[in-house]
Amino acid sequence: MDRMMTIPEIIKRDAEIFSGKTFVSDPIGSLTFDEIYGLAKRYGNFIRKEIGGNKSEVRPIAIYSDKSSRLLTMMAASLFSGCFYVVIDPEQPGERINKILDVLKPAALIFEDSLRDKTEEISFEGKKISFFEIEKGADESDEECPGLSVIKPDSPLYGIFTSGSTGIPKCVLISHRDVVDFIGHFSRIFSFSENDIIGNQAPFDFDVSVKDIYTSLFTGARLILIPREYFSMPAKLIDYLIDNHVTSLTWAVSAVCIISGMKGFKYKIPTEIRRVMFSGEVMPIKQLRIWQENLPDAMYVNLYGPTEITCNCTYYKIPGKYEKDDPLPLGIPFPGREVTIRDSDGNILTSPGSEGEICVSGESLAIGYFRDPEKTAAAFSDMKDKNGQPARTYHTGDMAVIEDDGTIRFAGRSDFQIKHMGHRIELEEIERDIMQIQGVERCVLLFDDKKKIISSYYTGDIGKKDLHIRLKKLLPVYMVPNRFNHIYSMPLTKNGKIDRRRLPFEKTIE
């Protein structure tokens, strides 16, 4: 892979190398590599004429749509128009969408036709263009698109909005170079090829999808888009994986656990899967073992990394069946990255047992937060690397412990650490211990700082009384939850992570 290529150049190259080969499929249809290039070029020229502007300016395009191959085409068209894209999921509340658009101030809001009525409820007063208007208005012209000349490797490729502590969402801006560097390593390390079929779980406004989309582009693999609703129907989900001969999964942990936790393998086993990678949360070891027992020959990989460092900065290939009850290590850095554990003064820690914040420098760090230099300066700073040289460094806010063998283990968010009964406690540590108990599938803890109460929300077969008795024998009294809530299932965010805000409203079993 030419590390200096931009994504439009790669799409153009793929149209020649993989002409006639299917690039993306969903339940409605599919597109080949050359088809998406042709459409992106035509639509990109139409968008550029509609928005006008300085030819050297790379502006944002907001795309309001559910996940589909049609959405993917519009993302590519935005790039060919000489812009970068930001996908907005229609499942988000209208108030948050308005905040996103206030920050973004896009050159245009492109929207899926079925969402026309919902766009009228959005306060954005700029240019709005429907998918149908673009498809109908684009001509067959073969003129070169602005994206092939305006966009450079360091130009922004996409923006992803994350929560802001002030209530204003932050737009993480990632460049073409960031993605080309990372996906080059990612696809090589995990041996992706044009023979792979990638089953996409993540929505397109979540950076797990970046690995699916761009690994397909880089290698010629086929991309299968799995509808969101299939993840509430394990049998249908498994049939879809089998029918499409999916070979690779890069999913959020909770999505992986849907199949194992709801006994999906008792229905059928998707035997063609040979690569299972997960991130976003700590993988429960019991759930991992269920996967390994049913697909013993697959590769299992624990991935770690926040949006600001372009997908992931570390990986751990699990060597055979994982026998320990301890959490999976975070593994080793991807090439081009330096991952350090630092104390509150920024000093690098190396001694076993040391705990500190995970900091990342090197390749693929985000450009920053779009139109927010203050937050960018707070999260990204110049620090000395292991060689004593200044390096731009991202402070993740995640904590890690250095193990005796030098590997690092995730130790929770710095903001998930609580003070309870005079003791400093990591909630994830208690969650991990609870999930080792027979009869517990998943567990999440919430802490009420005012009332000083730890509440446990769990799924599984064990009753609250029996669980409480077991925990009193396992944990010191100050770590035993004060309340137990036995719930039917874990509420999930649209990204497939556990939605902690909804837990108190879940219906309990007893």
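Reader: Which residues touch the most other members in the largest nonpolar core?
Author: This is a predicted model. Its largest nonpolar core has 88 residues, and those touching the most other members are I7, I61, L72, M75, Y85, F190 and Y214.

Reader: Which helix gives the most to this core?
Author: Helix 2, residues 33–51, with 9 residues.

Reader: What is Y214 in contact with, leaving aside its neighbours within four places in sequence?
Author: I7, L79, Y85, L157, V179 and I183. Two of the partners, I7 and Y85, are also on the list of residues that touch the most other core members.

Reader: What does the second, separate core include?
Author: That core has 33 residues, among them F278, L295, Y316 and Y322. As a general point, nonpolar side chains in soluble globular proteins tend to be buried together.

Reader: Changing topic to helix packing. At what angle do helix 1 and helix 9 pack?
Author: About 50°, with the axes 9 Å apart. Helix 1 covers residues 7–17 and helix 9 covers residues 208–219. That angle makes helix 1 oblique to helix 9. The crossing is left-handed.

Reader: Which residues meet there?
Author: From helix 1, I7, I10, I11, R13 and D14; from helix 9, Y214, L217 and F218. By class that gives 6 nonpolar, no polar and 2 charged residues.

Reader: And how do the axes of helix 1 and helix 3 cross?
Author: At roughly 120°, and the axes come within 9 Å. Helix 3 is residues 69–80. This crossing is left-handed too. I7, P8 and I11 of helix 1 make the contact with A76, L79 and F80 of helix 3. The residues here divide into 6 nonpolar, no polar and no charged.

Reader: Stay on F80. Buried or exposed?
Author: F80 counts as buried because its relative accessibility is 0%, and buried means under 20%.

Reader: What does F80 touch, not counting residues up to four places away in sequence?
Author: F80 touches P8, I11, Y37, A40, K41, G44, C145, P146, G147 and L148.

Reader: How far are the C-alpha atoms of F80 and K465 separated?
Author: By 60 Å, and the two residues are 385 apart along the chain.

Reader: Next, helix 4. Which of its residues are buried?
Author: I97, N98, I100, L101, V103 and L104, in a helix that runs over residues 94–104.

Reader: What covers them?
Author: The cover includes strand 3 (60–64), strand 4 (84–88), strand 5 (108–111), strand 7 (156–162) and strand 8 (170–175). Just after helix 4, K105 takes a positive phi of about 45°.

Reader: Where is the place of T250?
Author: In strand 11, residues 248–252. T250 counts as buried, at 2% relative accessibility. Leaving aside neighbours within four places in sequence, T250 is in contact with F186, V208, K211, D212, M277 and L303.

Reader: Last one, P333. Where is it found?
Author: In strand 15, residues 332–333. P333 is partly exposed, with a relative accessible area of 36%. Setting aside neighbours within four places in sequence, P333 is in contact with C313, T314, Y315 and V339. The C-alpha atoms of P333 and A221 are separated by 25 Å, and these residues are 112 apart along the chain.

Methods:
Residues are numbered from 1 along each chain as its sequence is written. This is a predicted model: local features need pLDDT of at least 70, side-chain atom pairs count only at pLDDT 80 or more; totals for chains, interfaces and linings use all residues. Side-chain values use heavy atoms; hydrogens and water are left out. Axes are lines fitted to C-alpha atoms, for helices over the stretch in contact, and angles run from 0 to 180 degrees between N-to-C directions. Helices (H or I, at least four residues) and strands (E, at least two) are DSSP runs, numbered from the N terminus. Angles under 35 degrees count as roughly parallel, over 145 as roughly antiparallel, 65 to 115 as roughly perpendicular and the rest as oblique. A crossing is left-handed if the near helix is turned anticlockwise from the far one by less than a right angle, and right-handed if clockwise. Contact means heavy atoms within 4.5 Å. Ala, Val, Leu, Ile, Met, Phe, Trp, Tyr, Cys and Pro count as nonpolar, Asp, Glu, Lys and Arg as charged, and the others, Gly among them, as polar. A nonpolar core is a set of buried Ala, Val, Leu, Ile, Met, Phe, Trp, Tyr and Cys residues joined through side-chain atoms within 4.5 Å. Buried means under 20% relative accessible area, exposed over 50%, partly exposed in between (1.4 Å probe, protein chains only).
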